[in-house]
Amino acid sequence: MAEKKHDKRAGFSEVDRWRLFSLILFAVTVLLLAWQSDDAYHGYVMARNLAEGHGFVYNIGERSTASTGPLFTLIISLAYFFTREMFFTSLVVCTLLSSAAFYILVYKFCRSKEQILMVMMALFASPSFMSYTTSGLENSLLFLLSALFLWALSAHERYNFKQLFVIALIISAIAMARMDTVLIFAPAAVWIFIMKRDGISFPKAMLAAAAGLSLFVLWELFAVIYFGFPFPNPAYVKLGTGISQIEYLKRGILYYFYTFLNDTGVLMITVAGTVLSISAKKSKYTAVSLGIILYLIYILRIGGDFMMGRHFTVVFFISLCMFYIIENKEISEITRLRLNKRIFDVTVIVCLVLTLGFSKVIGSQYLLGHKYASHISDEREYYYSTTGLYNNVVSLIREGRLCVSDTWNNEAPDDLRENGLSGGIIDNAAGILVYYNPDLYLNDTYCLGDAFLSKLPAIYDPNWRVGHLRRAVPEGYRESVWNNDNEIEDPDLHEYYDIIRLITRGRIFDPERIKAIIDINTGKYDYLIDNYERRLEEK
């Protein structure tokens, strides 16, 4: 390891100067590239409603959630409570979270200026990672929580009660940030609690785990009582699609392929860091690698995503952190691992060259991005013109208004108002559209915020897109929304909607409502959906 050179007068080492410079450069770069995803606004709607006293809801008066990351949404809501402004506030929150993750990486895991330089090159070599440092989605929070987990993991060889509690608490926060991401950390956490206890019994270790996980348990208890369901509504949208696992695997392969074409670094650096972790032949590093491999398989199994590279960004960041943890703790002691270091450095340089050198061939991702004729898109390219920080600042200076509200030129909200309606089921209730029409009840047949439609079978489309499978609107459902009543014609769905209305609109602690929550989550009313589905098949 390179020796630190200290400036005795300033008390500030050369490495510290590099750390500070890189932190400032990273934060400034994140801000320059900052943008908002439309999907983020589904969570922003809930954050605003909570801060303004309408409850943690998507549509006012109906307890349904459209957010897959409740912890991140709550953080945004807290910030909005003080500023009463969403666009700039949310971008600042994302920038602070991503910068805090970067701070841990360079201040806790890097010991030389050469390492800091390679970290910067690696991060800039991944357009996906840099895109999702903002975006308004939960990735920025997951970067920070991942860094905290690895910091806690690397700080000790064995763990006492307090340290086990902290690890469990971080796992709890990760589960609240996005449930499926826990898969990455579960193998390492289980290994630590079983095999790496420092002088405490297994029952006491389980007590530490229970105490730390109580945050997530309390959230789940709240979710079941408040919303009526343990999982966020978008999770139910992706269930019951009727699509075969083979089709999901094909889409997953395409997701890997298109991501590789767009962002070689996010995959190659992840693989290189994972291989190095396994090569260290230390149980906790192997456990982290196992978690990464399980998550990569999981991405394949669920068909990937429609957002290019997004699901790879967390494992990419973890792999990068793990490399420098191992380099500083292990490579100096294990000569055979030094070759891995050189391979990793070459991988980073090659990925950076590919990202910068071929930007005109594959599209300028940083500034504009590009689109393929596929179901996987460069979301930043699609939305940057209206949701990018730079464009909104220019619009604010020139026109005195933000241009983010111009993202969707949809006449449906105005049509509802002209017809004297307070809301409805429209073709595309995009997040930004819903956010900028707070006086209307809005949902669509993608049903991210619709607790009723999301439980119905999806309409199969050979050209389906992950997370975007429509549901047929039953006869009378639109009228039910217009008139705030139950006018559904199908007898089974009429009964099912009565139950959903009781759960999402009834008094929270009404005994009848509590019973309905238990019954619907234990499958007692599944037969109503089955009957409806059989009738659909017979038509």
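Are Glu138 and Arg310 buried or exposed? Glu138 is buried, as is Arg310, where buried denotes under 20% relative accessible area, exposed over 50%, and partly exposed in between (1.4 Å probe, protein chains only).

## Basis of the report

The model is predicted: local features need pLDDT of at least 70, side-chain atom pairs count only at pLDDT 80 or more, and totals for chains, interfaces and linings use all residues. Residues are numbered from 1 along each chain as its sequence is written, and side-chain values use heavy atoms, with hydrogens and water left out.

Across the whole structure, 18 salt bridges are found, a salt bridge being a side-chain nitrogen of Lys or Arg within 4 Å of a carboxyl oxygen of Asp or Glu. One of them joins Glu138 to Arg310, at 2.7 Å from N to O. This pair links distant parts of the chain, 172 residues apart: Glu138 lies in the loop between α6 (127-131) and α7 (139-154), and Arg310 in the loop between α14 (283-301) and α15 (313-331). Helices (H or I, at least four residues) and strands (E, at least two) are DSSP runs, numbered from the N terminus.

Glu138 and Arg310 also belong to a network of salt bridges with Arg178 and Asp180.

Asp492 pairs with Arg535 in a salt bridge whose closest N and O atoms are 2.5 Å apart. The partners are 43 residues apart, Asp492 in helix α23 (residues 491-505) and Arg535 in helix α25 (residues 526-538). Asp492 is buried at 12% relative accessible area, whereas Arg535 is partly exposed at 30%.

Asp510 and Arg507 form a salt bridge at 3.7 Å, N to O. Here Asp510 is buried, with 14% relative accessibility, while Arg507 is exposed, with 60%.
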